[in-house]
Amino acid sequence: MNSEELAGQTALVTGASRGIGAAIAESLARRGAHVVITARTAGGLEELEDRIHDAGGSATIAPLDLTDGDSIARLASAIAERWQQLDMLVLNAAMLGTLTPVGAIDSKEFNKLLTLNLVAQQALIANFDPLLRRAPAGRLVALSTSVARTPRAYWGAYAASKAAFEVLVSSYGAEMRNISNVRTAILDPGGTRTQMRARAYPGEDPQSIKDPALVGEFVARMMVDGFDSTAYHALPKVMAEA
């Protein structure tokens, strides 16, 4: 069901070519937001853009590699030139890496994981901070994981990157609280039917966990209702249809 609750607002969703990122973008677009969708490859973004347009929504694709800091700066400049502000920033893009004991973590892969899951996220916040501040109510939602707060064997590399990411987002929220209208939130989507989940739990029945669309609807409702910094939500593996 489409609405105009977010009409006139612009959102940027990272990691939007599939899964949770795509679902969030579709949910925001259904509520009238113009959604800028980004991921490394154009194919999935083009399919998502078509779905959004077919449903009466509005989207712009921006294929880019988030590990290239210059590309983030160029995207921020392009959005500033076209819309002057950014109402919503959804930090969803992430890399799982290899699940392995801490002593066996491959340093090259670990550096790559930290670059995407942490360094690129700081670059996104830094480059879009001025645009979020220009919005009447800038909102940032960061997608995280339960292992960031409850460490688990073999998940050390991914969990460490996400724990640091949560601290980064929470610190930014605290900095913004008294000097701007920007607010931040952290969302642990819980078990969701995605490619990353299938890699982490290859024996799991995908039908036993929720569809990404339910996470998308939850985030869209957060954006409509607003939140205080730094709100934290953790969703269950099974949710009733919205």
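Biologist: I'm just starting out here, so let me pick one residue. What is the relative accessible area of Gln84?

Modeller: Gln84 comes out at 44%, which makes it partly exposed. Keep in mind that this is a predicted model. You'll find Gln84 in the loop that joins α3 (69-83) to β4 (88-91).

Biologist: How do I read the backbone there? What is the phi of Gln84?

Modeller: The general idea first: most residues other than glycine have a negative phi, and most peptide bonds are trans. Now the case here: Gln84 is not a glycine, yet its phi is positive, at about 70°. Tyr154 is another non-glycine residue with a positive phi, this one about 75°.

Biologist: Where does Tyr154 lie, and does it count as buried or exposed?

Modeller: Tyr154 sits in the loop between β5 (139-143) and α5. Its relative accessibility is 51%, and exposed means over 50%, so Tyr154 counts as exposed.

Biologist: And the peptide bonds? Which one is cis?

Modeller: Look at the step from Ser229 to Thr230: that bond is cis, with omega near -25°. Thr230 belongs to the loop between α7 (212-225) and β7 (231-234).

Biologist: On to the sheet. How do I read its strand order, and what is that order here?

Modeller: In general, strands of a sheet pair through backbone hydrogen bonds, either parallel or antiparallel. In this model there is an open sheet of seven strands with parallel pairing, and the order runs β3-β2-β1-β4-β5-β6-β7.

Biologist: Which strands stand at the edges?

Modeller: β3 (58-61) and β7 do, each with a single partner strand, so one side of each has no neighbour in the sheet. Between neighbouring strands the turn is 15° on average, ignoring direction.

Biologist: Can we zoom in on one pair? How many bridges join β4 and β5?

Modeller: There are four bridges between β4 and β5, in the parallel sense. Then go to Val90, whose bridge partner in β5 is Val141.

Biologist: What about side chains on a strand? Which residues of β5 point one way, and which the other?

Modeller: The general idea is that in a regular strand the side chains alternate between the two faces of the sheet. In β5, Arg139, Val141 and Leu143 point one way, while Leu140 and Ala142 point the other way. Buried residues make up five of the five in β5, so this strand is mostly covered.

Biologist: Which strands does α4 touch?

Modeller: α4 packs on the sheet, where it touches β1, β4 and β5, and its direction makes about 175° with that of β4.

Biologist: Now helix against helix. At what angle do α4 and α5 pack?

Modeller: For a helix pair, look at the angle, the distance and the handedness. Helix α4 (residues 107-134) packs against helix α5 (residues 156-177) at about 15°, and the axes are 9 Å apart. Angles under 35 degrees count as roughly parallel, and therefore so do α4 and α5. Their crossing is right-handed.

Biologist: Which residues make that contact?

Modeller: From α4 they include Phe110, Leu113, Leu114 and Ile125, and from α5 they include Phe165, Leu168, Val169 and Met176. Sorted by class, the contact of α4 with α5 has 14 nonpolar, four polar and two charged residues.

Biologist: Which residues of α1 and α2 meet?

Modeller: On the α1 side it's Ala22, Ala25, Glu26 and Ala29, and they meet Leu48, Arg51 and Ile52 of α2. By class that gives five nonpolar, no polar and two charged residues.

Terms used
Residues numbered from 1 in each chain as written. Predicted model: local features only at pLDDT ≥ 70, side-chain atom pairs only at ≥ 80, totals over all residues. Heavy atoms only, no water. Axes fitted to C-alpha atoms, helices over the stretch in contact; angles between N-to-C directions. Helix = DSSP H or I, 4+ residues; strand = E, 2+ residues; numbered from the N terminus. Parallel < 35°, antiparallel > 145°, perpendicular 65-115°, else oblique. Left-handed = near helix turned anticlockwise from the far one by under 90°. Contact = heavy atoms within 4.5 Å. Nonpolar A, V, L, I, M, F, W, Y, C, P; charged D, E, K, R; others polar. Buried < 20%, exposed > 50% of the residue type's maximum accessible area, 1.4 Å probe, protein only. Pairing = 2+ DSSP bridges.
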